[in-house]
Amino acid sequence: MMNHNTALIVIDLQNDYYEGGKNTLTNIEEATKKALVLLEKFRAEKLPLFHVQHIFPTEDAPFFSANSTGAEIRETVKPLIDEKVIIKQKINAFEGTTLLNDLRKLGITDLIICGAMSHMCVEGTTRAASDYGFNCTVAEDACATLDLEFNGTTVPAAQVHATAMAALSFAYAKVTTTTDLI
């Protein structure tokens, strides 16, 4: 599954999503451990990888505020000096960034995607990548989200995650586990 035409995209594993942050996600530590396994595999095999970092353009943002500790990528998955970081301000990591051109320059055809949040940036980026013609795989156990509320009903994070993964697996991506990828 991993070859020289495959790139890893690690989305928004930033401090505000962890305990003590402004928007703590359910199971974020477990997802990060799985993302680290993928990072280490790509690093060991010298395969291309991209870190995506969401930074809101204003300092009064609800989270990932410009120039804040909360917007920094988590220490455990911090990019190495030679690893590309894509800074985004939208849900879809392709919108307003160099990601598409960077991937095309490298001849990438296949993407492995993980990170946060399952139902937002992971889903939005995966759908866009599929639309651009990439073969997408989502490492679902290396993704995290949170409980949502809609019309007075709380939807537990596990269901939010499952719904996002079910939608992606229907037409946009292969959805699997880190263990199956490695």
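Biologist: At what angle do helix H3 and helix H4 pack?

Modeller: This is a predicted model. Helix H3 covers residues 118–131 and helix H4 covers residues 157–171. Their axes lie 10 Å apart, and the packing angle is about 5°.

Biologist: Which residues make the contact, and how many of them are nonpolar, polar and charged?

Modeller: H3 contributes Ser118, His119, Val122, Glu123, Thr126, Arg127 and Ser130. From H4 come Val160, His161, Ala164, Met165, Ala167, Leu168 and Ala171. Sorted by class, the contact of H3 with H4 has two charged, five polar and seven nonpolar residues.

Biologist: Which strands stand at the edges of the sheet?

Modeller: Six strands form an open sheet with parallel pairing, in the order E3-E2-E1-E4-E5-E8. An edge strand has a single partner, so one of its sides is left without a neighbour in the sheet. This applies to strand E3 (84–88) and strand E8 (174–176).

Biologist: By how much are neighbouring strands of this sheet turned against each other on average?

Modeller: The value ignores direction and is an average over neighbouring strands of the sheet. It comes to 25°.

Biologist: Which residue of E4 is the bridge partner of Leu8?

Modeller: Strand E1 (residues 6–11) pairs with strand E4 (residues 110–116) in the parallel sense, over six bridges. For Leu8, the bridge partner in E4 is Ile112.

Biologist: At what angle does H1 run to E5?

Modeller: H1 lies across E1, E2, E4 and strand E5 (135–144). Relative to E5, H1 runs at about 135°.

Biologist: Which helix and which strand each supply at least two residues of the lining of the largest pocket?

Modeller: The largest pocket has a volume of about 180 Å³. Its lining consists of Phe42, Arg43, Lys46, Leu47, Pro48, Leu49, Phe50, Leu80, Asp82, Glu83, Lys84 and Leu106. By class, seven of these are nonpolar, five are charged and none is polar. At least two lining residues each come from helix H1 (28–44) and strand E2 (49–54).

Biologist: What is the phi value of Lys46?

Modeller: Lys46 is placed in the loop between H1 and E2. Its phi is positive, in a residue other than glycine, with a value near 55°.

Biologist: Is the peptide bond from Ala116 to Met117 cis or trans?

Modeller: Met117 is found in the loop between E4 and H3. With omega near -20°, the bond from Ala116 to Met117 is cis.

Technical notes. Residues numbered from 1 in each chain as written. Predicted model: local features only at pLDDT ≥ 70, side-chain atom pairs only at ≥ 80, totals over all residues. Heavy atoms only, no water. 1 Å grid on protein atoms, 1.4 Å probe; cavity = no way out; pocket = protein on both sides within 12 Å on 5 of 7 lines; lining within 4 Å. Points joined across faces, edges and corners; volume = space filled by probe spheres on them. Helix = DSSP H or I, 4+ residues; strand = E, 2+ residues; numbered from the N terminus. Nonpolar A, V, L, I, M, F, W, Y, C, P; charged D, E, K, R; others polar. Pairing = 2+ DSSP bridges. Axes fitted to C-alpha atoms, helices over the stretch in contact; angles between N-to-C directions. Contact = heavy atoms within 4.5 Å.
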